[in-house]
Structure formats: structure tokens, C-alpha cells
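Have a look at it first, and then we'll go through some of its details.

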Amino acid sequence: MTQATTRSRTFVQALNEALDIAMERDPYVYMLGEDIGEMGGDFGVTRGLWAKYGDARVRDTPLSEAAIIGASVGSAMLGMRPVAEIMFADFIGECYDQLVNNAAKMHYMFDGQFKAPIVVRTACGGGFGGGPHHSQSVEGWFLNVPGIVLVAPATPADAKGLLLASIENDNPIIFLEHKALYRIKGEVPEGYYTTPLRKAAVARAGSDVTVIATMKMVHEALAAAAELEKEGVSVEVIDLRTIRPYDAETVLESVRKTGRAVVATEAPKIGGLAAELSATIGEECFHDLKAPVARVAGLDTPIPFSLVLEKYILPGKEQVIAGIRSVMK
Amino acid sequence: MTLDIETLVDLYRDMWLIRAFEFGLEREFKKGNVPGMLHTGVGQEATQAALAAHLQASDAFFPDHRCHGINALAQEKHQGDGERIMAELFGRATGVCSGKGGSLHSANPKVGNFGDNAVEGSYMATVLGVALAYQMRGQPNVACCIIGDGTVGRGEFHESLNMAAIWKLPVLYACVNNGYAISMPVGKGHASADIVDLARGYGFPCEIVDGNDIEAAYDAVQRAIAHIRSGAGPYFLEFKTWRWQGIFSGEFRPPEEVKYWKEERDPLKLAREKILAQGKLSAEDLERIEAEVKAEIEAWIDFAKASPMPDPAKATADVYVGWEVTA
């Protein structure tokens, strides 16, 4: 899928390239959201696109999240390809009904007569003192919603390829962008390419234990793996990339090989992705497991403001290491 | 205004079709032949007939809970198969959504029916996008959302009217104010019993219309749609009307109110009087029309009952576009 020529780009630049390419390729692609126009978005993801494509295709909206998603869905019903920005994932409660009862069910309840090909980009995740309403991991809010797609890149190259794939896909997609990753750099192929949805990546191959992670936790898992390698523990890191519907095949194949599994997510443990993955691994790989599945997750609290408090409740490299050690006993 | 006799009789037939549809459906519901819940549009026929008369198949409308009538009219007018709305309500494979949607989610884009979202107010946001797509492509179409007075309590009411106003979108808001949101009187649930008072601040035309006077309703919809098609932006119509159906436990409104609306303000009775006043048709002519329509509705009910149930395996189809997903 990837082309030969790559350049070092930040996650934000990679997303910006994807949007530019998508807008250039398809006149029905347009964007709407708060301050995405001349200002270029709160995190600069849409910078420069308003100047290039104008008001009609890069639309600033009032603080009306329900209307942003409603307008996206309605236009998608007629074949437009909207890319909406919800500035912070925490605000998605304001448009939850639009996503859950409207976008997610439309194709099903109307017997395939309508599609809702929308992409909702949103900035999630903590670690920067954003406080209780600018830091949450919201994937668990949507895991129980048939029809919704959750995409969650961890690298600049995947951010670009997955965003292009998402814009071309006919399903309603929530595209999670972890704020701690916005400034990381990585090699990003030039030009157009897509990264397949519903396909996890093996971020690091290993043989003793499988860590399944998403977004920022992929990097924490890779750091943990590098450290444990010194002790002779070989860690395989799976970057899930699409959270719903997820690539069970890659996950289960890896766990069958290593016999140990750690699921690492930033969201609280109860009822979330970590719970779902560990249940599925338990159901499918029980006889291959040498230890119970370990869950590394955020504590069951809101996200506090003070950095000391926030650090206490969010998982990082040390918690992943502790999780791996617990299954290696 | 006075409509010509042909138009008036067509509208009378349409209104009768709605009433016969709802009465037939109610009868079958009571017999246990129709699953789920039942919200009928009896008493509100004039609004629906007026909207159906002016909306084209290339326009879009979002029906509300009491819109079996306009759904059936659109289906009948543009495809000649209104019985597929009836079949949908019976949960049959021949329904417009093959039984997946039912009363509150009957849709067919080919006739402009974009489907109800049964969370009242939700489609007030969706209608913006349909209108935006028309605007971005330079199409002269109208996106209409039919809402009740209760819907006005939703936050989407504000978000929708505001965004339609700033972007000058081709949206027709058809607010069917039937006096009650289930049991909540309109004046108790909102800051004004006249919804237009809440809508006027957005700066586009708002009108109160007698929703039981077919001529007034027809005229108002025509005026609003002409305004929208000219590119002048959104339009808000508040139809004052009254629903005949009580609440699930029965009638809760004062007897004198019920008597007034059913006997003096019945939209069909008012339309009949207008037709007879023109002196071109007799009472017998109208009875013949009523009998024809009733027979047609009975045929639709027979069609629905004789239709096969959906294949249970279809319950897992179309969750995603292009992906078969089983958990």
C-alpha cells in the first residue's frame, strides 16, 4: 500500500495531507466544524484548507454539535462525503443521539435505502492537564452501538492512510485523534494511499506475550517492550487501529502464538475495550492461555485537572510493564 | 382563498385516504394484527394532504410520528403502491423497509420520504444536511421536516433554525401544533403556545396557518415552497390543529374541547362544506369518493395481511455497508 518516497511528518501534518488529498480528489468531500476555517482548527489539522477550498467546503459552524453531525448525516444521505470535526471528544455527548440513533442505524432500519458515510474527527485522550471535559477516551461510549465504526491511529503514516480510507468508506466513522500524538513525528508516504480499515498492525513482533493497544498506549507498550527486552522478555505489540469492528483474527492469532495477553487502553477498565477484548480472548483462546488476560487501563474516575492527579489515574509504560510481569509469572 | 373544484376534490380524496388508512389501521391494531405502538394522524389530515400536494419526489421530507398519511400519499402519488406503507406497519417483507422500520421508520428516498427518526427532534438536525447538499449542488429542491409542538422542546430546534438561517438553507419547517405533546399542553410546555413566537428570532418568515382548513394549508405550503425554491432561505409554518387520538390510557382532554374539534373543526367536514358550496358536486358524489377510498384501503390491509413475514436471517443484514459483521 505504501509508496517508496516518505518524509518525516507530524501526526497533524499527516492528517492535513489526507484532508487536502481527499478534498482534491472528490468534490463531494467537505468539512464542517468549529473554528476549522480561517483559524485552521484548535489543533491546526485543517490549517490552509479554507484558503485553498473556500467557505463552502470548509465550513465554520456555531457551537452546535448536534447540528454539525445532523448536517453531516443529512448531506451524506444524498451522497456527500462530510468530514466533521468535534473539537474535543468529550463534546460528543452533545451529538450522541445523532451518531447512535441516526447515523449508526440509518442503513439498517431503512433497509439499505440510505447510507451515512460520515467521518467525525475528534481529539481525545488525556495527559496534558485538560481536566474532566477535555481529556476523555470515549471509545467505550460507542462500543455497544452496532453500525458505528471507530478508527484510532497511533502513527502519522496510519493517521493519513486511515483517514483517507475512512473518507472513502460508506459507514459512519468516528475517527479518534489522541492529542498526545498530534506532535509526534514519523515517516509518512507522499501522495495518495489508504491503510485498510478493520486490520490491526503488528507494531512489534515478539513471542512471549501479546500486548493489544490503541493510540497513545501503543507507544507506551512499545516503550515497555523495549525495556523488557533487556530482561529477555519478547513482547509482541498489536496496534488495533480499528476499534469497532475490530480485527479479532490478528489478535487471536497472536495470543494463540504467545499464550499470554495484556490489553492496554487509556479509558477506564469497566465496560470498555479492554473488557471486550479480554472476554473475547478468554472465549476463543482459553486453552492456549498460560495466564489470565491482564487489563491495563485508566482508573475508574473522571480525569482530574492537576497533572499529579492525572498521572496517577492514567496508565503509562510502568503500568504496561507491571501488566506484562503479572502474566509472565 | 378559494381553490378550483378539481384541486379541492383531489385534496378531499387525499384527506379521506389518510383518515381511512388510520381508522383501518387502528381497527387492525386493536385486533392484535399490528405490532408495536400506534400514533395516528386523524384530525391532522389537511396539513399532510397540503404538504403532499406540493412536495415533489425530488424533494425530501422527514415525517413525524403521526405521518402514516403523508407517507402513504407520497408512496401512492409517485410510485402507485401505497399499500407498501401499510405492509411496513404490519412488519411484512413487502413493506417499504422490508419490515425493519415499522410505523416510526418508514422511508423511501425515491418518493422523497427520508424517514422518521423516532427520537423527536433528531431529524431537525438531519434536515440541515439534506438542504445543504441541495444548496451545494445548486439543486432547487426543498427539504421539509414535519415536527410536532412537543419537538420544539428539543435543543435541536434551536440548533436547526439557527444554522438554517445563517446558511440560508432551503428548509421548510412544518410544525403541526396539535395542542399537546402526549399529555403536556403546548402553553404549559413552551414559553408561548404560539410556536412562531419562538421561531421568529431567527429572522426568516414564520406564519400561523389554520391547519384544519385545507385551502389555507394548501395556500400556505405553496407560498412557503415558492419562497424556498427561489433561494430565499428557510420558512416556518405553524399549523394549528388537533389530534383525535387521546393518550394510551384513553381520552384526557375536556369533553367540550373534544366535541368542538371533532364536530365543528373536523378538517374533512370543513372541506366537504367548501366543495358543496361551489355547487358542482353533490353529497352523493362525495359519498362515492369516500366509498372508493375506503375500498382501496381495505385492499391495502388485505395485501399487508397476505404478505409474507421477513426472513429472520435478514435481521443481521445491513448493519454495516459492505461488511458482514457477526459478533
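Which residue does Arg121(A) meet, side chain to side chain, in a salt bridge? The partner is Glu177(A), at 2.6 Å from N to O. A salt bridge here is a side-chain nitrogen of Lys or Arg within 4 Å of a carboxyl oxygen of Asp or Glu. Arg121(A) sits in strand β5 (residues 119–124) of chain A and Glu177(A) in strand β7 (residues 173–178) of chain A, so the pair ties together parts that are 56 residues apart in sequence. Over all chains, the structure holds 40 salt bridges.

Some ground rules: this is a predicted model, where local features need pLDDT of at least 70 and side-chain atom pairs count only at pLDDT 80 or more, while totals for chains, interfaces and linings use all residues. Residues are numbered from 1 along each chain as its sequence is written, chains are lettered from A and ligands numbered from 1 in the order in which they are written, and side-chain values use heavy atoms, with hydrogens and water left out.

Now for the place where chain A and chain B meet. Contact (heavy atoms within 4.5 Å) involves 49 residues from chain A and 43 residues from chain B. About 3,700 Å² is buried between the two chains, with carbon and sulfur atoms giving 62% of that. Buried area is the accessible area (1.4 Å probe) that two parts lose on being put together, summed over both.

Helices (H or I, at least four residues) and strands (E, at least two) are DSSP runs, numbered from the N terminus.

The largest share, 10 residues, comes from α3(A).

How do α3(A) and α4(A) pack, and at what angle? Their axes (lines fitted to C-alpha atoms, for helices over the stretch in contact, with angles running from 0 to 180 degrees between N-to-C directions) are 10 Å apart, at an angle of about 10 degrees. The two helices are therefore roughly parallel to each other, a label for angles under 35 degrees. Among the residues making the contact are Ile69(A) and Val73(A) of α3(A) and Leu99(A) and Met106(A) of α4(A).

Finally, two backbone details. The peptide bond from Arg244(A) to Pro245(A) is cis, with omega near -10 degrees. Pro245(A) belongs to the loop between β12 (242–244) and α8 (248–258) of chain A. In chain B, Ser98(B) has a phi near 55 degrees, a positive value in a residue other than glycine.

How values were computed
Angles under 35 degrees count as roughly parallel, over 145 as roughly antiparallel, 65 to 115 as roughly perpendicular and the rest as oblique.
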